[in-house]
Amino acid sequence: MNWRAYLIMLGILIGMPMLAQKKAEERPIKTTVAAILKEPDRFHKKLVQVEGKISDYKEKTSRAGNAYTTFKLEQGEQKITVFSYGHLNLQNGDEVVVVGRFYKEKRVGRATFKNEIDASPREGGKITKKE
């Protein structure tokens, strides 16, 4: 093997892992609560962006000591559950933009959650209060 072939092979071996790490950033689908609830299969495991008003806001801590927050996101008469790790310091009535991964059904241990948006950062999510 000549030195050029050696350098090419070395470049490939070094460069391929770097390319693999550069994953294309997934863009959320801007939608409504009504659209998600009407066609949950279409949005299952997709990153979505939805706006609305918070109701039934709860900050909790799991038995394992993990802080989390749940609330209903309302758009008119339509509501969907939102989950995120951490305490978000929001309150009922706040207008928010939620980016998160929608699950038609998700099992966690023995629990099954239906029609929920996981807005945790590890799912690519975030919750922003509208000013």
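Me: In what order do the elements of the protein chain run from the N terminus on?

Reply: Helices (H or I, at least four residues) and strands (E, at least two) are DSSP runs, numbered from the N terminus. Here the order is α-β-α-α-β-β-β-β-β-β, with three helices and seven strands. This is a predicted model, where local features need pLDDT of at least 70, side-chain atom pairs count only at pLDDT 80 or more, and totals for chains, interfaces and linings use all residues. Residues are numbered from 1 along each chain as its sequence is written, and side-chain values use heavy atoms, leaving out hydrogens and water.

Me: What volume does the largest pocket have?

Reply: A pocket is an open set of points on a 1 Å grid over the protein atoms alone, where a 1.4 Å probe fits, with protein on both sides within 12 Å along at least five of seven lines. Points are joined across faces, edges and corners, and the volume is the space filled by probe spheres set on them. In this model that gives about 490 Å³.

Me: Which residues lie nearest the centre of the largest pocket?

Reply: Lining residues have an atom within 4 Å of a point. There are 18, with Tyr68, Phe83, Tyr85, Val108 and Phe113 nearest the centre.

Me: Which strand gives the largest share of that lining?

Reply: Strand 6, with five residues. Strand 3 (67-75), strand 4 (78-85), strand 5 (95-108) and strand 6 (111-118) each supply at least two.
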